[in-house]
Amino acid sequence: MEQWLQNMESQESFILELDWIGNLNIDLSALLVTEDGKILDEADFVYYNSRNRAMPYENSRFKTRRQWIEQTHPTSFDGSVELLAEDILYCEYSDYCSENLKISLSKVRHNITRIKIIASIYDASSNFHFEDIRKCNVCLLDEETLTPFASYNLLPIFKRNSNAKAILFAELLMTDSGKWNINILEDSFTEGLSEVVNKYVG
C-alpha cells in the first residue's frame, strides 16, 4: 500500500478517472465498506449492471428495464459514488479508453470507512490480460472544469499482475481524525470481479 493523497476534504466532490491505451475492455467499479470490511447493502457495490440507478425505473419514461439500465448511471445506496459515462475527455489516440466515477465525500454515510476502487476485465473468461495495455493512469478531476489535479501511473501495477482479471488498485480511507486519504493498492484477483465481490459481501 502506498499513500497517494491526504485530506481530500478540499475536493469534496470530484471525478476519479481510469484511463488507458490499448484494445482492452476494462470496467471500473467501487465498493463502499464498513470498518469490518464488508458492504451493508447490495447498492454499495457500484458497477455497470447494478439495479441501483441515479434515476428510478418508470414505465412512462423507459420502455424496458434494459433501456433504463442503458440510459441511467449506477449509484451507491447513499448517492456518494456514481459510475458515469465512458470517455468524458477527448484524447488524440484512437484506442484511448476511460471510465469514470463521480465521488461526493459529503454524501458518504457515517458507517462507511473505505471506498475501494476496482478495475476488471469485462469478460473474465476471455484471453485478454492487463498486459495488453500500453498506458494506464488514475486521475482525479475537478467536477466542474474536468481539470486534472492529481494523477498516478498504474501501468507498473497492471503489468506486474498481468494474469489477473480484476485489480483493486485504490481506496479512499476515512482516518481517525475524520479526514479522507487515498491509498494506492495492489490486490489482484484471477477470477475477476465476482471474486472481489465474494470477498466483501456478507
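Predicted model: local features only at pLDDT ≥ 70, side-chain atom pairs only at ≥ 80, totals over all residues.
Residues are numbered from 1 along each chain as its sequence is written, and side-chain values use heavy atoms, with hydrogens and water left out.

Let me start with the overall fold. The chain holds 3 helices and 11 strands, where helices (H or I, at least four residues) and strands (E, at least two) are DSSP runs numbered from the N terminus. Following the sequence, the order of elements is β-β-β-β-α-β-β-β-β-β-α-β-β-α. The C-alpha trace spans about 45 × 40 × 40 Å along its principal axes. For 202 residues, a compact globule would have a radius of gyration near 17 Å, and the chain, at 16 Å, agrees with that; the radius is taken over C-alpha atoms, and the globule rule is 2.2 Å times the number of residues to the power 0.38.

Of the 202 residues, 50% count as buried, and by that word I mean under 20% relative accessible area, with exposed being over 50% and partly exposed in between (1.4 Å probe, protein chains only). If we take the contacts in the chain with a separation of 6 or more, 66% of them are between residues 24 or more positions apart, a contact being heavy atoms within 4.5 Å.

Now to strand 7, which covers residues 114–121. How many of the 8 residues of strand 7 are buried? The count is 7 of the 8, so strand 7 is largely enclosed by the rest of the structure. Strand 7 pairs in the antiparallel sense with strand 3 (residues 26–33) over 8 bridges, and also pairs in the antiparallel sense with strand 10, there over 7 bridges; two strands pair if DSSP finds at least two bridges between them. To give you positions to look at, R114 is the bridge partner of V33, and A119 stands opposite I167 of strand 10.

Let me turn to the charges. A search of the whole structure finds 8 salt bridges, each being a side-chain nitrogen of Lys or Arg within 4 Å of a carboxyl oxygen of Asp or Glu.

One of them joins E171 and R114, with N to O at 2.8 Å. This pair links distant parts of the chain, since E171 sits in strand 10 (residues 166–174) and R114 in strand 7, 57 residues apart. E171 counts as buried at 2% relative accessibility, whereas R114, at 26%, counts as partly exposed.

Another joins K102 and E143, at 2.9 Å from N to O. K102 lies in strand 6 and E143 in the loop between strand 8 (135–142) and strand 9 (148–153), so the pair ties together parts that are 41 residues apart in sequence. K102, at 23% relative accessibility, is partly exposed, and E143, at 26%, is partly exposed as well.

A further salt bridge is formed by D78 and R109, whose closest N and O atoms are 3.2 Å apart. D78 lies in the loop between helix 1 (65–71) and strand 5 (81–83), and R109 in the loop between strand 6 and strand 7, so the pair ties together parts that are 31 residues apart in sequence. R109 is buried, with a relative accessible area of 17%. Salt bridges that share partners join D44, D78 and R109 into one network.

What else does D78 touch, leaving aside residues up to four places away in sequence? Besides R109, D78 touches L32, K107 and V108. Its side chain also makes polar contacts, with the side chain of S76 at 2.9 Å and with the side chain of S80 at 2.6 Å. A polar contact here is a pair of N or O atoms within 3.5 Å; within protein, one must be able to donate a hydrogen and the other to accept it, and residues adjacent in sequence count only if both atoms are side-chain atoms.

I will finish with E99, which is placed in strand 6 (residues 96–104). E99 is buried yet has no salt bridge, and the nearest side chain of opposite charge, that of R53, is 11 Å away; for charge, Lys and Arg count as positive and Asp and Glu as negative, with His and the chain ends not counted. The side chain of E99 does reach the backbone nitrogen of L28, at 3.0 Å.
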